[in-house]
Each structure stands twice: as C-alpha cells, then as structure tokens.
Amino acid sequence: MVQYPRLAEAGTYFRTAPVFRTDAERHRWLARTAFVGLAREEDGHIVIRCYTVD
C-alpha cells in the first residue's frame, strides 16, 4: 500500500512545487521528476520538505 504524506501538517507555512533545471547529466533526474513540498518554521529557520510525485 502506498503511503502519502499528510496534506495538512500543524504549523504548515506554505505548499510548494519546486522545479529544477540543469544541463549536468548526473543531476538530470531532478529536471525529469515532479516534486511537491510543505514548508514551516522550525527553530527560527524555514524548513521545506519535498516529496516526489509518481
């Protein structure tokens, strides 16, 4: 069974869908992958957790 991250976390600051562009062959997988993320403040920093979308 596939487990998905919770869409609403306590303290969520914003949601994001980062996009990467690169010409470097070893990092090309980043440009071919769809990501979603959640951000929140943690210990005075903004922490962004990203997940891949299959």
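Helices (H or I, at least four residues) and strands (E, at least two) are DSSP runs that are numbered from the N terminus. This report describes a predicted model, in which local features need pLDDT of at least 70 and side-chain atom pairs count only at pLDDT 80 or more, while totals for chains, interfaces and linings use all residues. Residues are numbered from 1 along each chain as its sequence is written, and side-chain values use heavy atoms, with hydrogens and water left out.

**The chain as a whole**

The protein chain holds 1 helix and 3 strands, and their pattern along the sequence reads β-α-β-β. Of its 54 residues, 11% count as buried, where buried means under 20% relative accessible area, exposed means over 50%, and partly exposed lies in between (1.4 Å probe, protein chains only). The chain exposes about 4900 Å², and carbon and sulfur atoms supply 53% of that area; such areas come from the Shrake-Rupley method with a 1.4 Å probe, and for residues only the protein chains shown count as cover. Among the contacts with a separation of 6 or more, 34% are between residues 24 or more positions apart, a contact being heavy atoms within 4.5 Å.

**The loop between E2 and E3**

Aspartate 43 lies in the loop between strand E2 (34-42) and E3. Its phi is near 55°, a positive value in a residue other than glycine, and at 72% relative accessibility aspartate 43 counts as exposed.

**Salt bridges**

Side chains of opposite charge can pair when their charged atoms come close. A salt bridge is counted here when a side-chain nitrogen of Lys or Arg is within 4 Å of a carboxyl oxygen of Asp or Glu, and a search of the whole structure finds 3 of them.

| Salt bridge | N to O distance |
|---|---|
| Glutamate 25 and arginine 28 | 3.7 Å |
| Glutamate 42 and arginine 40 | 3.0 Å |
| Arginine 49 and glutamate 42 | 3.9 Å |

Arg40, Glu42 and Arg49 are linked in a network of salt bridges.

**Aromatic rings**

Rings of Phe, Tyr and Trp (its six-membered ring) pair if their centres lie within 6.5 Å, and planes under 30 degrees apart count as stacked, over 60 as edge-to-face and the rest as tilted. The whole structure contains 2 aromatic pairs. One of them joins phenylalanine 20 and phenylalanine 35 in an edge-to-face arrangement, with 5.4 Å centre to centre and 75° between the planes. Because phenylalanine 20 lies in the loop between E1 and helix H1 (28-32) and phenylalanine 35 in strand E2, the pair ties together parts that are 15 residues apart in sequence. Phenylalanine 20 is partly exposed at 35% relative accessibility, while phenylalanine 35 is buried at 11%. Phe20, Trp29 and Phe35 form one aromatic cluster.

**A nonpolar patch**

Tyr13, Phe14, Ile46 and Ile48 form a nonpolar patch on the surface, with about 410 Å² of accessible area together. Patches are made of residues with over 30% relative accessible area and no salt bridge, where like charges are joined within 9 Å and nonpolar side chains (Val, Leu, Ile, Met, Phe, Trp, Tyr) within 5 Å. Strand E1 (12-16) and strand E3 (45-53) each supply at least two residues of this patch. Phenylalanine 14 has its place in strand E1, and phenylalanine 14 is partly exposed, with a relative accessible area of 30%.
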